Amino acid sequence: MGGRVNEDLIKERRKCTFDIKELTHIIDCGEENTIKRKQIDNYILNIKELWDDVPEEYLSHKERYENAIKKAFIVLKVLRQLHTGNIQITDHRTPTNVYSIQDGIFRNVNPLLIHIGLFWSTIAAQASTEQQAEWLQPDSSMIGTYVQTELGHGSFIRGIETTATYDSTTDEFILHTPRLSAYKWWPGGLGNTANACLVMAQLYINGTCHGLHIFLAQIRDFDTHKPLPGIKVGEIGPKMGFNTADNGFLGFDNHRIPRTNMLMKNVQVLRDGTYVKPKHDKLTYGSMLLTRVTLISDLAYQLSKAATIAVRYSAVRRQSPIKSNEPERQILDFVSQQHKLFITIASSHVYRVVGLWMWNSHKRVTADIHEGNMGQLPELHALACCLKAISSRDASALVEQCRLACGGHGYMMASNLPQIYAYTTAAVTYEGEYTVLLLQTARYLVKFWRLAAEHKPLPQNFAYFEDYIKKNFEQWRNSPEGIIEGFKAIVAGKTKAAYDTLQCNLRNGREFEEAWNMASVQLTNASEAYARSLLCEVFWKETVQLSTKVSKSLAIVLEQLAELYLMYWALEKHGDLLLYSTISRNDIEALQSRYEELLALIRPNAVGLVDAFDIRDEVLCSTLGAYDGRVYERMMEEASKSPLNEDVVNESFHKYIRPVTMKNKL
Amino acid sequence: MGQMNEDLKREREKCSFNMNDLINLMDGGPDKTKMRREREDIMISRRDAYADIPEEYLSYKEQYEQAVKKSAYVFSLLRRLQHEGKTNLHNYRDVMANFLRSSDVGTGFPIAIHYIMFIPTIMSQASEEQQAQWLQRAWDCNIVGSYAQTELGHGTFIRGLETTATYDPSTKEFVLNSPTLTSYKWWGGGLGQTANYAIVVAQLYTKGECHGVHLFIVQLRDEETHMPLPGIKIGDVGLKMALNGVNNGFLGFNNCRIPRNQMLMKHSQVLEDGTYVRSPNSKLNYGAMVFTRVVIACDMVNYLSKAATIAVRFSAVRRQCQSKAGEPESQILDYLTQQHKLLPAVAACYALKVTAGKLWDTFSIVNEEMIAGNYERLPEIHALSCCLKAIATRDAASFIETCRLACGGHGFTYSSNLPATYCNAVAACTYEGENTVLLLQTARFLAKTWQDIDNENGKLTPTVEYLKTAKVKGYSHEWVNSVENIVYGFQVVSMRKIASCVKSMQTRVASGATFEDAWNMASVQLVSAAEAHCRVMILSTFSSEIKEMTRTTSKEIKRVLEQIVTLYAVYWALERLSDLLQYTTITGAHVDNLRAWYEELLTQLRPNAVGLVDAFDLRDEMLQSTLGAYDGRVYERLMEAALQSPLNAEPVNYTFQKYLKPFLQGKL
């Protein structure tokens with residue numbers, strides 16, 4: 001590429017008031033990770049086969065898969081080298097940007113994502129010591145995936161229909177797909193790539209169902225890759241995104257696997273068919289919990305990509321003078337544009353911080369579980385459910401907001417914004433559907449509200465329920481702390497409203513499930529409020545703490561971002577504040593002014609803030625968002641890659657158009 | 001073909017109203033329904049003639065070629081109708097709309113712009129002689145046109161366009177140039193490889209003076225060989241989020257010369273000697289823009305109806321979760337949270353259809369007035385079309401996405417047709433006027449109206465009259481939960497928001513800010529004021545029109561449509577509770593009742609959910625959805641669609657031998 005950096009961007013960068021590198025190191029969790037990331041980037045950038053001449057989206061569906069697979073195995077080899085053969089480490093799932101270069105290589109999704117991310121870690125977490133010794137070999141022939149959802153069942157996993165029936169005469173399980181809706185559907189890498197998989201199925205022994213368990217099944221011949229007898233496998237076709245993920249379907253026709261292929265760390269089936277129960281029935285779902293936790297950090301990263309593209313573009317794009325005799329203004333100067341973009345920058349930090357906070361909680365809780373203490377698991381589960389739901393919805397809404405803020409150019413695939421949207425919006429439904437997850441958290445809230453309503457002791461983190469019942473309201477303060485209190489009052493108020501509706505329905509003679517259903521819209525509202533209050537509180541506290549450890553100039557900017565986030569949501573939810581807290585209408589006007597002030601304060605640092613995400617051009621893959629801001633040049637260069645531009649006249653003209661246009665002439 | 005899904009069968013039995021009556025009512029009469037169906041029949045019955053593998057499996061280039069092939073087919077049908085005298089220049093838009101609606105080209109048509117923009121622009125902007133020269137050729141498809149307005153560097157802000165057309169009196173030609181990279185035309189539909197002519201918007205220079213943007217008809221390619229003409233640099237802009245068959249193109253001019261009479265001269269003219277004759281009324285171009293925005297609002301109804309149909313039918317078929325142990329799983333349509341996602345979307349289809357229809361009628365009246373030389377209502381109707389386009393596109397896109405997400409992971413599958421429906425609809429949020437810019441235009445009109453409101457001696461124009469009433473009455477009485485009162489509440493919100501914006505701007509100006517800076521500072525609030533105004537328009541139009549329409553209908557239809565209107569009003573009251581709490585006397589107790597009312601409405605509408613989407617009368621061939629087909633064979637269709645994947649045509653993909661095996665053997 002080459003070429004000079006856009007003048008407006010140069011000016012923006014001069015205006016920046018803080019040390020960009022300092023913030024980058026914080027985002028990377030330490031300078032050593034920044035260095036490591038750049039080493040990996042440089043190493044991978046030099047592997048020519050990994051980089052396309054023509055963007056892969058121009059290819060047919062089939063060609064895209066083939067192209068992605070080619071790259072996937074090169075990447076896998078590189079990862080193995082980097083880890084000296086030890087790819088099965090669970091640490092691979094630590095939230096980190098170190099491997100972010102993969103986003104640039106695939107522009108979409110690595111078809112081996114599940115193989116790398118979930119297959120091995122689930123074996124490590126759920127298989128017995130002997131099984132691990134057998135399966136976790138560096139030279140394993142297995143390319144695996146994790147197979148759970150079916151055509152007919154998703155988030156409600158108890159409804160899964162695939163069966164694994166123990167046959168004690170041969171010491172085998174028989175995997176079977178009893179009907180069409182029981183076909184496994186969705187797993188990444190399942191269609192054409194994996195030769196083995198971890199299958200969730202209902203375990204039957206002597207006619208008794210013991211619920212869901214995980215089984216390792218080989219599905220293709222290691223040598224020929226042909227599907228094994230009794231296996232019907234294929235890919236599910238094009239999707240809104242993830243088109244290189246090789247999502248597949250899988251059906252079993254009485255497929256037999258050895259008894260020892262059930263993952264037996266927490267639960268066992270003995271040779272004689274005796275079933276040994278797990279200590280805790282939630283243990284099977286550990287992989288799902290971990291995935292929800294790590295997803296929050298991944299979404300933070302996607303948000304930082306979208307923010308980088310939209311902010312840089314808005315600094316370069318000039319449109320309509322604010323005053324008639326002046327040059328056109330950078331669209332970043334329009335307050336309505338700042339309103340769309342700065343919340344995205346702030347939200348990326350929120351989810352980075354909260355993602356890490358959840359990761360640490362998860363580590364702590366997992367350590368406790370190993371000690372035999374399950375006490376913290378329900379809370380972690382409740383937090384993970386609502387945070388996964390809200391983070392995925394926020395992220396996709398904000399990415400789309402950034403995309404639309406780039407006008408028509410944001411519709412171009414070459415901006416990379418459509419792909420980022422498709423990628424983030426998928427997270428709203430996968431790994432637990434949005435509403436289903438919110439309702440899980442609602443159960444947890446209702447449990448504590450009931451305690452409060454019955455004047456029973458509450459844990460510290462729900463003490464505010466009691467305050468709300470006793471009407472111990474503090475005087476409203478237009479400050480971050482005041483807003484956090486206000487959000488807690490909303491949680492209490494909404495939980496109360498939902499709880500009252502529930503009770504009222506019960507009193508009117510409805511059964512619990514029906515009463516719960518009738519209250520469910522309000523219950524999800526309460527969960528949503530709970531997630532928001534957590535996000536605000538954790539982000540603010542962590543920011544205040546961090547501020548004491550960084551340079552003054554950075555501390556100021558970080559606090560502005562955190563305050564912006566709180567003000568933004570206070571204004572978005574000001575009706576709830578009016579209903580449930582002591583805020584007045586005048587306070588809201590003051591909040592609005594403070595919010596507008598913050599937009600103005602952040603404006604000069606906007607480009608600096610996205611530069612600090614330090615996402616290289618090869619990862620951003622965006623004509624609108626490149627570091628040098630040569631937006632229009634890049635758009636034209638990318639357009640020239642369109643295969644349609646190879647021929648001066650496309651053959652369809654002669655075949656179809658000319659016969660129409662010439663018909664009346666001839 | 002198999003049997004109809006049992007659940008759907010039961011749903012249809014539950015429907016309380018006569019299906020055909022509702023269909024006829026929404027079409028505007030049985031004769032209109034009949035005509036629409038006839039046109040759909042023509043499209044659908046011949047579909048076998050060009051059936052191919054689904055476009056989503058093809059490469060980008062193949063998708064374009066397939067779109068051209070299907071376009072040629074559609075337009076030959078249109079031409080047949082011309083010969084049969086069944087369509088003409090005056091009603092072809094209706095016919096086209098029916099055709100496009102019932103076609104299965106999800107990627108869009110590269111030749112649609114020829115009918116949607118090229119021909120209408122000639123009709124409205126060319127002089128009589130020019131029309132004689134061009135219109136018949138365009139109508140007969142001897143030439144294929146595009147419309148080239150936006151540039152790489154400029155979109156909604158049209159005055160900023162950089163392409164120049166400089167008159168050269170020595171040869172009596174205009175010389176077109178693209179002086180900068182940013183002045184390249186960008187986005188024109190069919191412009192890349194398909195069209196051989198285009199209407200080009202350029203800054204007119206004559207006698208050394210710039211007269212602003214004007215329209216020119218420019219030949220781009222040779223009619224025989226299709227080769228680009230000298231001085232023309234043209235091509236495809238590349239991949240987009242969707243609509244990849246539209247063939248959006250770029251276009252640059254290097255001293256491209258066209259005859260003087262190829263400036264469209266119905267209004268302004270350039271004489272042979274280069275004298276510029278100004279148009280008697282510069283507002284005339286607004287008429288075309290207003291028209292296009294109304295058309296977009298109608299398109300949105302179509303997209304949203306598809307999404308709502310798919311999601312509601314899927315939710316009737318899909319069963320998930322036992323609510324009680326031992327019982328069969330529940331239809332997900334029985335979950336209140338699901339109804340909360342889908343029924344407001346269904347209501348929005350009806351609301352937008354009725355409102356857009358009414359706006360269309362109003363526009364026709366104003367158009368007649370304009371032809372008679374009366375431009376009084378143009379600013380009002382322009383402001384109205386701006387906010388309606390913005391809100392219709394945004395509401396439609398977000399409800400479609402809600403419907404898609406309500407189908408869980410299966411909604412992410414291309415074969416559900418929900419991703420394409422979303423991606424096609426959301427494009428309208430930025431084309432033909434970016435939504436924020438449009439809302440600010442409406443806000444400008446409202447702010448002006450507000451500032452004049454006290455000086456105004458006569459009456460305000462109809463759509464803003466409420467501002468005065470609301471100002472006089474304010475909101476002092478106790479809140480009542482009723483549709484009328486919700487409409488009134490929104491009127492007060494709109495009035496108060498505009499008042500507060502104007503006041504804050506005045507304060508800023510008084511303390512030394514320029515008007516423009518004060519405007520910019522207030523813009524977040526201004527946008528929300530324009531939204532509130534639009535919501536008033538939709539709510540009041542919808543509720544009064546339905547009252548009118550149901551005067552003579554059966555009481556069942558009357559009841560269900562009233563429920564739909566009420567649901568729409570209560571839904572938006574709850575969505576905009578913050579505003580109501582801020583500006584009216586609504587209290588917490590009212591809010592609790594409003595929620596209870598909302599939940600009750602969902603329950604009342606639940607039995608008619610499938611009936612209400614069946615009444616959109618979208619056939620399977622138009623829905624193109626595995627999840628939404630009339631028979632509800634969801635899982636069978638998902639599997640059938642998957643088996644069409646070329647990746648499933650062979651048991652082992654070649655990449656196994658090439659990459660996977662060597663890797664496993666450590667040889668890669």
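Me: Where is the place of Asp171(A) in chain A?
Reply: First, the ground rules. This is a predicted model, where local features need pLDDT of at least 70 and side-chain atom pairs count only at pLDDT 80 or more, while totals for chains, interfaces and linings use all residues. Residues are numbered from 1 along each chain as its sequence is written, chains are lettered from A in the order in which they are written, and side-chain values use heavy atoms, without hydrogens and water. Helices (H or I, at least four residues) and strands (E, at least two) are DSSP runs, numbered from the N terminus. Asp171(A) sits in the loop between strand S2 (163-167) and strand S3 (172-176) of chain A.

Me: Which residues does Asp171(A) touch?
Reply: Contact means heavy atoms within 4.5 Å. Leaving out residues up to four places away in sequence, Asp171(A) touches Tyr166(A), Pro258(A), Arg259(A) and Arg271(A).

Me: What joins the side chains of Asp171(A) and Tyr166(A)?
Reply: A polar contact is a pair of N or O atoms within 3.5 Å; within protein, one must be able to donate a hydrogen and the other to accept it, and residues adjacent in sequence count only if both atoms are side-chain atoms. Here a polar contact of 2.7 Å links the two side chains, Asp171(A) and Tyr166(A).

Me: How many salt bridges cross the interface of chain A and chain B?
Reply: The rule finds seven. In Glu596(A) with Arg508(B), the closest N and O atoms are 3.4 Å apart. Helix H4 (residues 61-82) of chain A gives the most to the side of chain A that touches chain B, with eleven residues. The contact takes 131 residues from chain A and 128 residues from chain B.

Me: Which ring does Arg535(B) lie over?
Reply: A charge sits over a ring if NZ of Lys or CZ of Arg is within 6 Å of the ring centre and within 35 degrees of the ring normal. Arg535(B) lies over the face of Trp572(B), 3.5 Å from the ring centre. Lys471(B) lies over Trp450(B), at 5.2 Å.

Terms used. Salt bridge = Lys/Arg side-chain N within 4 Å of Asp/Glu carboxyl O.
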